[in-house]
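Please keep the sequence and the structure in view while reading.

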Amino acid sequence: TGEFTYPITISCNNGDVVELTLIGCCELACVGVAGIRPPTGELNTEGWSAPPTTNDITSSEEQVLFDAVNPCQSAYQIVSIRNHCHLELPYYWSLYRPITGPHSQPVPSLHTSYTIEPQSGLLTADSINEFLLTFTPMQPGHFTDDAHLTLGNTEAIELIPSIQLHLAGMCEEYDVILSPGCVVVPGTVQCGTDHSYRVKVVNASLSSVEYHWQEVCEDNVLIKVEPSEGHVVSGGVGHCELVLRPLQAGDVTVDLRCNILHCSQPLIMCVRATAVAVPLVLGVPSLIYGLIPNGTSKTLQLPVRNDTEFPIKFHLHETVPPNQLGCLFCVPCDGEVPAHDTVVCSIKCDTSHQPLGEVGTHSSLRTILSCTTELGAESCVQVLAEVQSPKVCLRSCELHVDNAYINIPMDHIISLHNMTVVPAQFTWKEQLFGGGASYCSVRITPSSGLLPPRGSCDLTVSTVWNTEGEDLPAAILCCDVEGMKDPVLLSVTGHVHKLSIHYAVVDSPCEQQCYLDFGSANPLGVSPHPLYLKVTNDTAIPTSLIATVMHFSSGLAQVDKTVESDRSSLLTVTTNLANPKSVSDKTSQSVVASLILSNRKGCSFVVTPSVLEIPARSSHLIEVVAYSDMWGVYSDQLLCQVPGLAPVSIPINYGVIGCPVLFPTTATCGSTIVRFGSHPADSGLVRRTVKLKNTSPCGKELRH
């Protein structure tokens, strides 16, 4: 070590000379251990001496102890190396077996459990460099090695190690136990069903463990653990569920294995159980047929379910006392139910051989249906039924119609009653029987239906009669009820009336006689007050009526008493002379009267309405108005025609007085004044012309 100088002279061709001096400093490599600590701890320099100050290379040996671990687990230590030089130093690490003697040569450790990172490189000048030492044993035991730090850049040249570290570590076996160590199932378990039990994986090892349960699948048993694999920290407990599913009847003895990762031997858990045969599951707790009419049958479905992992053969049979016939028929009665599947069987209950008491009473059917498997397991279901013969009657077997009318439909209500607790299906026949079958037609609504137990049903009977009479023979209807030997009969009789129309004159002084009397002193040309004929239909038969006057009929088929006008209320306002269509009330009535009397008979009777629809049980008024243009006494007949009835003639009397010859100036039958004015005496003859108007249809002779 020390400082060195070296002179250098440089000469040029031109004769110039330059002298230089090279000055250098040399120092020895000096490294040392600054501390040892775990990766998460602080650097521990307590107890370490200062690095040597001599110029020689320092060799030192330190011991590095690792915490105990389990196989395939790792422990770490960090070693800090200080480079006291002002230069970077190359290095590399080597692992050797421990030296056993003073003259022993170091032997490289080929199968070591230790690693150093980084293994080679450059030590930073005048600083601390850290190295990670890892201890990873593969099996239990005590492991020691020596780590040599050599300064240099090659291993081919034998160099003296600068630092030696003695590495020591302990590896312990995993400490894992299963709780409980043996699972003993008390009693018996059913084949094909899952049975769960709680088990624990307790880890008392130095590190966490990973476990894996081995599934057992044999001919007689299936065992699995959920979860089948997992991770348990040191000092922790893993909770699992053991699922046991016996597949055959008998004793179950199984050693269940639990493999621990990096553990040489698996853990064993003994499982002991006794399995019994599993009966098939019947889908319903009981077969309830309810009410069954005697002599009939009813079928219900029975699901047979297999909840196991294997198919099961079965046999269905009814348990009956000796000397008694069974009433159940199973299809199929033998078969096989696949694993986790269902077979539906049809169970038919036939009551043909079921004894009954009196009609209307019922008997209760109670029996047991058994399902037996090939392993001897048995499942049973109760069968219940009520057997009864139906019995239906009418609340009243006779229907009498008092106020019936020909060809008029009439509705009546009857009640059909079910006397039993079994539903009854009924159907009414359309054909009638008896002496009155040809006198009427009968229809029942509804014609068929189902009567509930102990229930009643209201039916509508529609009758239409075609013959009048009081004591008509009865018509018989038949109702068939399923299960009843005799039908239900309904007798229909009636008092049938025909159509009847009554006529009366409104405000007539004589109620016993019906005639239209307008009086005998009606002024000529003036229509009297109208008369009203009241037509009454006292029956339920709607009809029509045509009223006509036999002789003095109107000249118009239909008289319109109003005159068309362009303005409303034409007859109530002053006549508009500018409108040619505008007429006065008096003129309008005169025009209508002239049209009515156009038959030139001197008199006309107007009937309104002449055609009339008369609903059932109603009254209507017919207006009769008389018009005349000639004096005299008129007699006529109002003919009323109703379909199906004889025509009825009602007399009409009408007397007219007055003269049909009128002066046009006044157009009245009163006195007329002829004015000659004022003239001188003896002035001569003064004449005035007077016009006369004959309003009658006949010529008249005048005398004065």
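## A buried tyrosine and its partner

In this predicted model, Tyr114 has a relative accessibility of 2%, and because the cut-off for a buried residue is under 20% relative accessible area, Tyr114 counts as buried. Phe135 is likewise buried, with a relative accessible area of 0%.

The structure holds 12 aromatic pairs, and Tyr114 and Phe135 form one that is stacked, with 4.9 Å from centre to centre and 25° between the planes. Tyr114 belongs to strand β7, which covers residues 114–117, while Phe135 belongs to strand β9, which covers residues 127–135, so this pair ties together parts that lie 21 residues apart in sequence.

## An edge-to-face pair

Phe605 and Tyr654 also form an aromatic pair, and this one is edge-to-face, with a centre-to-centre distance of 5.9 Å and an angle of 70° between the planes. Phe605 is found in strand β46 (residues 603–608) and Tyr654 in strand β50 (residues 648–657), so that the pair links distant parts of the chain, 49 residues apart.

How accessible are these two residues, Phe605 and Tyr654? Phe605 counts as buried at 1% relative accessibility, and Tyr654, at 1% relative accessibility, counts as buried too.

## A cluster of rings

Which residues form one aromatic cluster with Phe605 and Tyr654? The cluster is made up of Phe518, Phe552, Phe605, Tyr634 and Tyr654, and within it Phe605 and Tyr654 form the edge-to-face pair described above.

Conventions: Residues numbered from 1 in each chain as written. Predicted model: local features only at pLDDT ≥ 70, side-chain atom pairs only at ≥ 80, totals over all residues. Heavy atoms only, no water. Phe/Tyr/Trp six-rings, centres within 6.5 Å; stacked < 30°, edge-to-face > 60°. Helix = DSSP H or I, 4+ residues; strand = E, 2+ residues; numbered from the N terminus. Buried < 20%, exposed > 50% of the residue type's maximum accessible area, 1.4 Å probe, protein only.
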